[in-house]
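Subject: Structure handover

Hello,

Please find the structure for your work below. My notes on it follow.

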Amino acid sequence: MKKILIISLLFFSAWQADAQSHRAGNLFATVGVGAGNYGYHLGPSRSGFGLPLTFNFDYGIHDYVSLGAYGGFLFRDNSVATGFGGRGSFHFWQLINDKVAGDLKGDIFDIYVSVYSGGEVSSFYTNRFRAGGILGGRWFFNPNIALTAEFGGPMAYFMAGVSFKLLD
């Protein structure tokens, strides 16, 4: 029994070592909760806190590039804002991991920058266009499930969530 366990662990380690957290052909679905929103109310503050819920899909068109869509809702003061649009990401941690001699754990870490553009519809402000950038990261504690954090974004200053690899 002990030998079977050791062989299984070695097999799993070898299989995992060859994997990457992001590759061409991967499809990810991410859901998250945000903190800090901006510009959702007129007045002296123009920022504040509500409850932004976000989701996005990213499809890997290259080992270092993904394209996808985002959406989200911001709940604040008995009102709802809805955001939607497209995003593109450059997974630079994968590039660095492939090009350096050391092991940067590219099989479990994915650090990326994204650009997005889209619209927002709300009953408490004028509908508008939004564009910007995101710095994000994923930590795969399971080959198909990751904890995700993003700074910047269309619905919140910070988003924490979970990513699921739907296609590998």
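Of the 168 residues in the chain, 39% count as buried, where buried means under 20% relative accessible area, exposed over 50%, and partly exposed in between (1.4 Å probe, protein chains only). This is a predicted model, in which local features need pLDDT of at least 70 and side-chain atom pairs count only at pLDDT 80 or more, while totals for chains, interfaces and linings use all residues. Residues are numbered from 1 along each chain as its sequence is written, and side-chain values use heavy atoms, with hydrogens and water left out.

The accessible surface of the chain is about 9000 Å², and 70% of that belongs to carbon and sulfur atoms. Areas come from the Shrake-Rupley method with a 1.4 Å probe; for residues, only the protein chains shown count as cover.

Secondary structure amounts to 2 helices and 10 strands, taken as DSSP runs numbered from the N terminus (helices H or I, at least four residues; strands E, at least two). Their order from the N terminus is α-β-β-β-β-β-β-α-β-β-β-β. Among contacts with a separation of 6 or more, 56% are between residues 24 or more positions apart; a contact means heavy atoms within 4.5 Å.

On confidence: pLDDT, the predictor's confidence in each residue from 0 to 100, averages 81 over the chain, and 80% of the residues score at least 70. By element, the lowest mean is that of helix H1 (residues 2-17), at 42, and the highest that of strand E9 (residues 145-151), at 96. Two stretches stay under 50: residues 4-18, with 6 contacts beyond four places in sequence in the model, and residues 41-46, with 8 such contacts. Where pLDDT is low, the predicted coordinates should not be read in detail.

Two residues were looked at individually.

Ser163 lies in strand E10 (residues 158-167). Ser163 counts as buried because its relative accessible area is 0%. Its side chain makes a polar contact of 2.6 Å with that of Thr148 (a pair of N or O atoms within 3.5 Å; within protein, one must be able to donate a hydrogen and the other to accept it, and residues adjacent in sequence count only if both atoms are side-chain atoms). Beyond four places in sequence, the contacts of Ser163 include Ala29, Thr30, Arg138 and Asn144.

Ile111 belongs to strand E7 (residues 109-122) and, with a relative accessible area of 28%, is partly exposed. Gly136 is 25 residues from Ile111 in sequence, yet their C-alpha atoms are 5.8 Å apart. Beyond four places in sequence, Ile111 also touches Phe90, His91, Phe92 and Trp93, among others.

Regards
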